Amino acid sequence: MKRYLTPGCKTVILINGIPASGKSTITRQLSETLHLPFLTIDGIKEPFMARFNDIDRTFNRQLGCAAYEVIWSIIGQSPASCVWLIDAWFGFQPRETLQQLVQQAGIERVLEIWNQISPEQVVSRYAERLQHRQPGHPGEEYLPELASLAEYAEPMRLGPTFTVDQQALLDIDALTCWIETQIA
């Protein structure tokens, strides 16, 4: 069953977490359940990655930063009553950058879904995806950095935050009820 939200202001729901923490799965489920559009860093970045050869970590990061700005530009041009789901690892940029882009886009309400994941689980997930990832994404050498990131990464907390424990099954009904309560 699809639900529809009717916010009184431009709203974003940040689906945040480090790479391989479950963001895309939650984003797709929420989009289907709440009938909301979504934007993802990889969805914008990967078509460009497909056009270039030998993408190193620096160029990948530049594409990610550009995709991040594209997301906020699109949202900034949307009507004031829109609710957007944004799937990204927001911690790759300074918090102040996010605050500035939110303000420039005319966002009045920010909700956040934080994907908490253990170092062991995130390393396992990322390793499983390595052979299916678009060339240009970090490879196996990224696994120790990713495990470390899982230890200290935190939500942005620009608004109410719902934490999803990736060790447990997702209760999509509880999550959608939380969103509906926050937007009502």
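Guide: By class, the lining of the largest cavity has 5 nonpolar residues, 2 polar ones and no charged ones; here Ala, Val, Leu, Ile, Met, Phe, Trp, Tyr, Cys and Pro count as nonpolar, Asp, Glu, Lys and Arg as charged, and the others, Gly among them, as polar. The residues in question are I18, W114, N115, Q116, I117, A150 and A153. Strand β4 (residues 109-116) gives the largest share, 3 residues, with strands (E, at least two residues) and helices (H or I, at least four) taken as DSSP runs numbered from the N terminus. The volume is about 30 Å³, and a search of the whole structure turns up 1 cavity of 30 Å³ or more.

Before going on: this is a predicted model, so local features need pLDDT of at least 70 and side-chain atom pairs count only at pLDDT 80 or more, while totals for chains, interfaces and linings use all residues. Residues are numbered from 1 along each chain as its sequence is written, and side-chain values use heavy atoms, with hydrogens and water left out.

On a 1 Å grid over the protein atoms alone, a cavity is a set of points where a 1.4 Å probe fits but cannot get out, and a pocket is an open set with protein on both sides within 12 Å along at least five of seven lines; lining residues have an atom within 4 Å of a point. Points are joined across faces, edges and corners, and a volume is the space filled by probe spheres set on them.

Now for the open side: the largest pocket holds about 810 Å³ of space. Of its 34 lining residues, P19, K23, D42, W89 and R133 are the closest to its centre. Helix α2 (41-49) is one of the elements that supply at least two lining residues, and α2 brings the largest share, 5. By class, the pocket lining has 12 nonpolar, 11 polar and 11 charged residues.

One last stop is K10, in the segment before β1 (11-16). K10 is buried, at 5% relative accessible area (buried is under 20%, exposed over 50%, partly exposed in between, with a 1.4 Å probe and protein chains only). Leaving aside neighbours within four places in sequence, its contacts (heavy atoms within 4.5 Å) include I75, G76, C82 and E108. The K10 side chain also reaches the backbone oxygen of G76 at 3.3 Å.

Note on methods: Polar contact = N/O pair within 3.5 Å; in protein donor to acceptor, adjacent residues only side chain to side chain.
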